[in-house]
Amino acid sequence: MGSARVHYRTFGCKANQYDTERMRQRLEVGLATGVPATLDDADLCVINTCTVTNRADADARRYIRRVGRRNPDAEVVVAGCSAALRAREYRAMDGVSAVVEGHDPAAVLAAASRALGPRRGGLVQMGTRATLERTHMEAVGAGVLRHRAGATRGWLKVQDGCDRKCAFCATRLARGRSRSRHPDRVVAEARVLARSHPELVVTGVHIGHYGRDLDPPSSLTALVRRLLDEVPGPRLRLGSIEATEIDDPMVDLMATSGGRLAPHLHMPLQSGADPVLRRMRRWHTREQYRRRALEIAASVGSVGLGADIITGFPGETSADHARTVSLVEELPFTYLHVFPYSPRDGTVAAGLSGPVAQRVSRERGRELRALADEKGTRYASRRGGAEVEVVMEGTGGTALTGDYLRVAVESARRPDPLVLHRGRLSSDGTGVRIDAATSDTLNQTGTTVPGDANGQETDIGAERPA
Ligand code: SF4
C-alpha cells in the first residue's frame, strides 16, 4: 500500500502527549506515514489511552466504538496506560487490531505494520507482562523526539513512573517506578526541540524524583541548570511538581534566571485538610505545603501558582472542605484544576468507606473554581502594564506569559510562532501588545544530533536500565 494515513488520539496528561509524539515520529520513519488524517479517512488509528479514573478508561472505549462506526475499515492500535492495565478488555473489543501494553513507540510500530500488512484485519497480539517491563523503560525515551506536531510549546520528558503510592492514583500502576532519562539525552533532545519550540516544558510523571535512580544520583535542579547553560534559546517551564520536592536552589534559579526558567509552578495539593491527605496517602501535611508555597512566593515575586485539588474524596467532611477553602484563600494561587473525586478500580481509594455524594463533590468543586477564578482575575490585574515575554499559542490569537497568564494578542501582524515575543500587558492583564521578537530559537541551538538528518530515531549514549 502507499503511504498510510494515520490518525492519533491522545487521552490524559502531558507525559501521554509526549509519548504520542514519539509514536508519531516512529511511524513516520518506519512506515513512511506522514500524511495527516482525520478519524474518517485514516487507514490506521493509534489511540493512546489514560487510566486516571474509571471514566478515562470509559472514554477510550467510547472512542474505539466511535472509530468503528465512523471508519470501520481503519485498523485500530490501542496503547498507553489504560491498555497496560486492561489489555484483555481492549483485545476483546470489535475493531481493535492490536493492543500495546504501555507506550513503547517500537511496539506501536510493530503492531501498526502488522495490522496494515498482508494479514490485514487479523488480531495482532502484543504486550505480555514481560514486554510491559520493557515498555516501561522504552517509554522513558531511548530515542530523541524532534518535534511536537502543531504546537509552539514542546514537551521535554525527563522521567517516567512514580515511587509514591497515593491512594487514588492508577497512573503509577500503569507506568511503574520512577526512571530518569540520562541528562545527556535530555540535553540533546532539548537542543533538537528548541529548533521548533520557543518554550520547552520539563515534564514526566513525577519530575521531583528526577535523578534519584541515576548513577551517580542527580537532581532536577542540576538538570535544569544544565539545560539553561547548554540550550540557550528556549524558555523552560517546569511541569507539575510536588511542593515538598522543590529545593531552594531551584527557587533561586526561578528568581534569578531573568525569565529563562518561567516563574510558574503547578504544585498538586489535592486537599487542604490533614485527615483527607492522610487517607489519600499523601506524604505531606497542609502546613508543609502552606509553608513551601509562601516561601516560594516570597522568593520569586510574581509567580504563576497552580494546584490540583480533588473534591469529595471518600470521608471528606464539610469541615475538611472548609479547611481546603481557607488554604486556597490564603495562598497566592493564580489558578486551580479542581476535579470531583472519581473512583478508579484497583486503587486503594476505591475500597475506602464514606463515599461523598456526587452532587456534594461537584458543589464543592464549583465553590473552589469560583474562588480560583476570582484570585486569577485579581492577580492578572495586579500584573497589568508589566513587561512580559510571551509564547504564541496555536492560531487562536492567544499567548502565554512566563507566569502562566493566557492573554489575547494585540498586534498589527501575526507574530512569529517560532520565537518568544516581548510585550506589555494591558491594564487588566488580559491582553498583550507585542513589541518585538526577542529570541530566535531556530538559529541559536542548531546542534546536530547523530542520525537526525535521515530521520532515524537517535540513540545518544547509554540509557540506564530500568
Ligand atoms: S505522586 Fe501520587 S498522584 Fe502523582 S503519579 Fe505518584 S502516585 Fe500518582
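Predicted model: local features only at pLDDT ≥ 70, side-chain atom pairs only at ≥ 80, totals over all residues.
In helix α10 (residues 248–256), the buried residues are M250, V251 and M254. A residue counts as buried if 20 or more other C-beta atoms lie within 10 Å of its own, as exposed if 12 or fewer do, and as partly exposed in between, with C-beta atoms placed from the backbone. Looking down the axis of α10, you find its buried residues within an arc of 100 degrees, so they line one face of the helix. That arc is taken from the directions that lead from the helix axis to the C-beta atoms.

Residues are numbered from 1 along each chain as its sequence is written. Helices (H or I, at least four residues) and strands (E, at least two) are DSSP runs, numbered from the N terminus.

Back to α10: its buried residues pack against α9 (220–230) and α12 (286–300). Contact between two residues requires that their C-beta atoms, placed from the backbone, lie within 7 Å. On the face turned away from the buried side, α10 carries the exposed residues D248 and T256. Just after this helix, G258 takes a positive phi of about 65 degrees.

Let us turn to the strands. β6, β9 and β10 form an open sheet of three strands in the order β6-β9-β10, with parallel pairing. Two strands pair if DSSP finds at least two bridges between them. β6 (153–157) and β10 (235–238) stand at the edges with a single partner strand each, so one side of each is left without a neighbour in the sheet. Direction ignored, neighbouring strands of this sheet are turned by 30 degrees against each other on average. Between β6 and β9, five bridges make the parallel pairing, and K157 has T203 in β9 as its bridge partner. Helix α8 (residues 183–193) packs on this sheet, touching β6 and β9, and its direction makes about 170 degrees with that of β6. Helix α1 (residues 14–30) also lies across β6 and β9, running at about 95 degrees to β6. For such angles, axes are lines fitted to C-alpha atoms, for helices over the stretch in contact, and the values run from 0 to 180 degrees between N-to-C directions.

Another open sheet has three strands in the order β11-β12-β13, again with parallel pairing. Its edges are β11 (264–266) and β13 (335–340), each with a single partner strand, so one side of each is left without a neighbour in the sheet. From one strand to the next, the twist averages 10 degrees. Three bridges join β11 to the parallel strand β12 (residues 304–311), and the bridge partner of L265 in β12 is L305. Helix α14 (residues 358–383) packs on the sheet, where it touches β12 and β13, and its direction makes about 175 degrees with that of β13.

**Loops with something to notice**

| Residue | Phi | Loop |
|---|---|---|
| Q270 | about 75 degrees | between β11 and α11 (274–279) |

The loop between β9 (199–203) and α9 holds P216. The peptide bond from D215 to P216 is cis, with omega near 0 degrees.

A170 sits in the loop between β7 (159–160) and α7 (171–175). A170 is buried, with 25 other C-beta atoms within 10 Å. Leaving aside residues up to four places away in sequence, A170 touches T51, V52, L85, R344, G346 and T347. The C-alpha atoms of A170 and C81 are separated by 8.7 Å, although these residues are 89 apart along the chain.
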